[in-house]
Amino acid sequence: MLIDFDTLEVAKRYKLMSQCIVPRPIAWIVTESSNGLNAAPFSYFAPLSSSPAAVVVSIGHKSDSTPKDTLKNLLQNGKCTICAVTAETLPKMHQTATELDYEIDETKLFGIETKRLLPDFPPIIADTPYALFCTFMQKIDLGGKTVPLILKIENLYISPQNVLDENSLELNIQTVARVGKRYALYDKIVEPPKN
Ligand SMILES: Cc1cc2nc3c(=O)[nH]c(=O)nc-3n(C[C@H](O)[C@H](O)[C@H](O)COP(=O)(O)O)c2cc1C
């Protein structure tokens, strides 16, 4: 099967890309505005660099063509807190993907507990194994409807129960990732082969 992407509909490109380029980590992003908090998942999400420490997340538009709330908030105030998803929080994360009016706070609507760790950033989702406190660096113009944002990691939080050894920085993080429209639990680690 060889597929020419230039002549393929966007939905089909998404269907194929999202099953081939796997697993995709899920950024469960908390942003803030004068209306309160906003939480939503994004899996067009990847680490970009460690120096500067940066990630990229691509965010699209709502069905009425206005920017998704996360995109709007990030472009307005330049701050977000990226949380991770576990097997336990997967159902709540999935609920927060519902398209809602800007004014609605998903954490309140779906009963998601949050905890403010840093005064200058949105709170974390209470059960997250880790959180990245990020500031907006740049927007990339791809000429399409999806807007990749480069975000700088200013601080990292790791839940104490996910730290194996504080001195050697060994962690045990088991998160949920996306494979096509389904989910995968990343819980099997193999050692690299010995040369
Ligand atoms: C697992 C998962 C991953 C998603 N990844 C993306 C993504 O990378 N980009 C995007 O624009 N929407 C993505 N969505 C859809 C958004 O979560 C959804 O449009 C949400 O309503 C956006 O919320 P907001 O308007 O509060 O920002 C994803 C949904 C799910 C369930």
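1. A pocket, as the word is used here, is an open set of grid points with protein on both sides within 12 Å along at least five of seven lines. The model under review is predicted. In this model the largest pocket holds about 1,400 Å³ of space. Its lining has 41 residues, and those closest to its centre are Tyr 14, Ser 58, Gly 60, Lys 68 and Thr 146.

2. Several elements contribute to the lining of the largest pocket. Helix H1 (10-20), E3, E5, H2 and helix H3 (90-95) supply at least two residues each. H1 has the largest share, with five residues. Sorted by class, the lining of this pocket comprises 17 nonpolar, 14 polar and ten charged residues.

3. Where does the ligand sit? The ligand is placed in the largest pocket. A shell of 19 residues surrounds the ligand, and Asn 38, Pro 41, Tyr 44, Lys 68 and Thr 70 are the closest of them.

4. The shell around the ligand draws at least two residues from each of strand E3 (36-42), strand E5 (53-59) and helix H2 (69-77). Which of the elements gives the most to this shell? E3 does, with four residues. By class, the shell is made up of seven nonpolar, six polar and six charged residues.

5. On the side-chain side, a polar atom of Asn 38 is 2.8 Å from an oxygen atom of the ligand. On the backbone side, a polar atom of Asp 69 lies 2.9 Å from an oxygen atom of the ligand. A polar backbone atom of Ala 97 is likewise 2.9 Å from a ligand oxygen atom. The ligand taken alone exposes 640 Å², of which the protein buries 88%.

6. The second largest pocket has a volume of about 450 Å³. It is lined by 25 residues, and Pro 25, Phe 45, Pro 47, Tyr 130 and Leu 132 lie nearest its centre. Two or more lining residues come from each of strand E1 (24-25), strand E4 (45-50), E5, strand E9 (130-139), strand E10 (147-158) and strand E13 (176-179). The largest share, five residues, is that of E4.

7. How does the lining of the second largest pocket divide by class? It has 21 nonpolar residues, three polar residues and one charged residue. For reference, the lining of the largest pocket has 17 nonpolar, 14 polar and ten charged residues. E5 is listed as a contributor to the lining of the largest pocket and also to that of the second largest pocket.

8. One cavity of 30 Å³ or more is present in the structure. The largest cavity contains about 40 Å³ of space. Its lining consists of Ser 33, Asn 35, Gly 36, Leu 37, Asn 38, Asn 73, Tyr 102, Glu 103 and Ile 104. E3 gives the largest share of this lining, three residues. The classes are three nonpolar, five polar and one charged.

Conventions. Residues are numbered from 1 along each chain as its sequence is written. This is a predicted model: local features need pLDDT of at least 70, side-chain atom pairs count only at pLDDT 80 or more; totals for chains, interfaces and linings use all residues. Side-chain values use heavy atoms; hydrogens and water are left out. A residue is near a molecule or strand if one of its heavy atoms lies within 4 Å of it. A polar contact is a pair of N or O atoms within 3.5 Å; within protein, one must be able to donate a hydrogen and the other to accept it, and residues adjacent in sequence count only if both atoms are side-chain atoms. Accessible areas come from the Shrake-Rupley method with a 1.4 Å probe; for residues, only the protein chains shown count as cover. On a 1 Å grid over the protein atoms alone, a cavity is a set of points where a 1.4 Å probe fits but cannot get out, and a pocket is an open set with protein on both sides within 12 Å along at least five of seven lines; lining residues have an atom within 4 Å of a point. A molecule sits in a cavity or pocket if more than half of its atoms lie within 2 Å of its grid points. Ala, Val, Leu, Ile, Met, Phe, Trp, Tyr, Cys and Pro count as nonpolar, Asp, Glu, Lys and Arg as charged, and the others, Gly among them, as polar. Grid points are joined across faces, edges and corners, and a volume is the space filled by probe spheres set on the points.
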